[in-house]
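Trainee: Could we go through this model together? I would like to ask about its helices and its core.

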Amino acid sequence: QDLSLPNGTPVDTSSPASSSSLLNRLQLDDDLDGETRDLFVTVDDPKKHVCTMETYITYRVTTKTTRAEFDLPEYSVRRRYQDFDWLKNKLEESQPTHLIPPLPEKFVVKGVVDRFSEEFVETRRKALDKFLKRITDHPVLSFNEHFNVFLTAKDLNAYKKQGMALLSKMGESVKYVTGGYKLRSRPLEFAAIGEYLDTFSLKLGTIDRIAQRIIKEQLEYLVELREYGPVYSTWGGLEVELSEPLEGVSACIGNCCTALEELSEDMTEDFLPVLREYILYSESMKNVLKKRDQVQAEYEAKLEAVALKKEDRPKVPTDVEKCQDRVECFNADLKADMERWQNNKRQDFRQLLMGMADKNIQYYEKCLTAWESIIPLLQDKPETK
C-alpha cells in the first residue's frame, strides 16, 4: 500500500475560541492516550559533576512501568549525555529497519559558549526527555533490551564494556551488506519519501537560519532599548514640568524590553529546538532509507547471480530468500515508522505554531498596554487657576 505524502490524515478545522483553547484541547487529548500506556519515562534533575579529569552533567531518568520485562515497577538512575549516545548507537545496531529518534546536537544552542549554563542544560534536558519519550512510544523500540538496560542498570559502564555481546538476534538477522551493489531503481513510494525528506529538511533549514537571524536582531534591538529608556528618565530630572510624562515613557520602554526579552527566550528555548530536532529526524529517516536501498540492491544482485546459472530447474537459494525477507522487513518497518513520524510531526508543529502565535500576541498586547498607560500623562491638562 502506497504511503500518502505529505498531508496525511485530516485535521479538525473548526474554529476554537482562541489559539490557547485549541492548544489546551490538544494537550488534554494527549493525556487521554496515556491511560493505555504501560511505560512512562521522564528526564529531570540535572546535576553538575566536577572531577579531576572532566566536568559533566548527569540527568535523573525515572521509569514507571507495569511490563513483565521489568523486575520492578519503578526505577531511578542517573545518565550523562554519552550514555544517551550509547543507547542511540545500540538501537541503530540492533534495529536497523526502524527510525531511531535523533539525539540533540552535542552543542544544542549555537553561540552558547558555556555548556554548563542553566539555559543550555535545561534545553538539553528537554531534548533528552523527548528522545526517551519517542522511544517509549514506539511499539518495537520500547521493547529493545538495550533500552531496558539503559533504564534500569545502576552501572551502565559494565554493559558498555560487553560490546557486541548484547546484540539481539533480530539485529544479527537483518545485517546488510554494503559492498559493491548498486540499486537499479528505488520503488516509487520510497522515491517519494526520499524527495519529500529532501524538500522538508531544506525548507526547515531555511526557517531555522532566518529564525536565528531574527532572534539575533531582536537581542541587538533589546540592547538599544535598554539604553534608550533611561535617557528619558535622566531628561525628566532636568525638566520638572515634564518629569512625570518623561518618567512614564521611560517605564513604558522598560516594560517593552521585558516583553521582548520573554519573546526572544521563548523562540530560543521552545521554537528553535523543535526545528533542529526535525532536521535531524529527517536525516535519520534518510539513513534508514539508504539501508533499505542497500538491502534491495543486495537482493537484486543475488537474483541476477541465480539467473546466470544455467540449470534445468533453477532453485532459489536460501540466502536469496532471506535477503528478500530483509527487504520486505525494511519496507514494512520503514512505512510504519514514516506514518508514525508524520503523525507526530503534524501534532508537534500544530502546537509549536499555536504557541508561537500566542507568544507574539502576548508580546504585542503587553507593548500596547504599556504605551496606552502613558497616554493620560501626555494629554493636555487644563491649567489650574
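Trainee: In which crossing, left-handed or right-handed, does α7 pass α9?

Mentor: Before the answer, a word on the ground rules: this is a predicted model, where local features need pLDDT of at least 70, side-chain atom pairs count only at pLDDT 80 or more, and totals for chains, interfaces and linings use all residues. Residues are numbered from 1 along each chain as its sequence is written, and side-chain values use heavy atoms, with hydrogens and water left out. A crossing is left-handed if the near helix is turned anticlockwise from the far one by less than a right angle, and right-handed if clockwise. For α7 passing α9, the crossing is left-handed.

Trainee: How is the packing of α7 and α9 described, and what does the angle make α7 to α9?

Mentor: Two packed helices are described by the angle between their axes and the distance between the axes. Axes are lines fitted to C-alpha atoms, for helices over the stretch in contact, and angles run from 0 to 180 degrees between N-to-C directions. Here the angle is about 30° and the axes are 12 Å apart. Angles under 35 degrees count as roughly parallel, over 145 as roughly antiparallel, 65 to 115 as roughly perpendicular and the rest as oblique, so α7 is roughly parallel to α9.

Trainee: How do the residues of the contact of α7 with α9 divide?

Mentor: Contact means heavy atoms within 4.5 Å. Among the residues that make it are F200 and L204 of α7, and W341, K345 and F349 of α9. Ala, Val, Leu, Ile, Met, Phe, Trp, Tyr, Cys and Pro count as nonpolar, Asp, Glu, Lys and Arg as charged, and the others, Gly among them, as polar. The division is 10 nonpolar, 2 polar and 3 charged.

Trainee: Which residues touch the most other members of the largest nonpolar core?

Mentor: A nonpolar core is a set of buried Ala, Val, Leu, Ile, Met, Phe, Trp, Tyr and Cys residues joined through side-chain atoms within 4.5 Å. Buried means under 20% relative accessible area, exposed over 50%, partly exposed in between (1.4 Å probe, protein chains only). Of the 32 residues in this core, the ones asked for are Y278 and W341.

Trainee: Which element gives the largest share of this core?

Mentor: Helices (H or I, at least four residues) and strands (E, at least two) are DSSP runs, numbered from the N terminus. Those that give two or more residues to the core are α7 (188–238), α8 (243–308) and α9 (318–373). The largest share, 14 residues, comes from α8.

Trainee: Is R134 buried or exposed?

Mentor: R134 sits in helix α3. Beyond its neighbours within four places in sequence, R134 is in contact with P101, E277, Y278, Y281, N344 and D348. Its relative accessibility is 13%, so R134 counts as buried.

Trainee: What does the packing angle make α3 to α8?

Mentor: Helix α3 (residues 118–136) and α8 pack with their axes 11 Å apart, at an angle of about 45°. That angle therefore makes α3 oblique to α8.

Trainee: Which value is the phi of D45 near?

Mentor: Most residues other than glycine have a negative phi. D45 lies in strand β1 (residues 39–50) and is partly exposed, with a relative accessible area of 27%. Its phi is positive, in a residue other than glycine, and near 50°.
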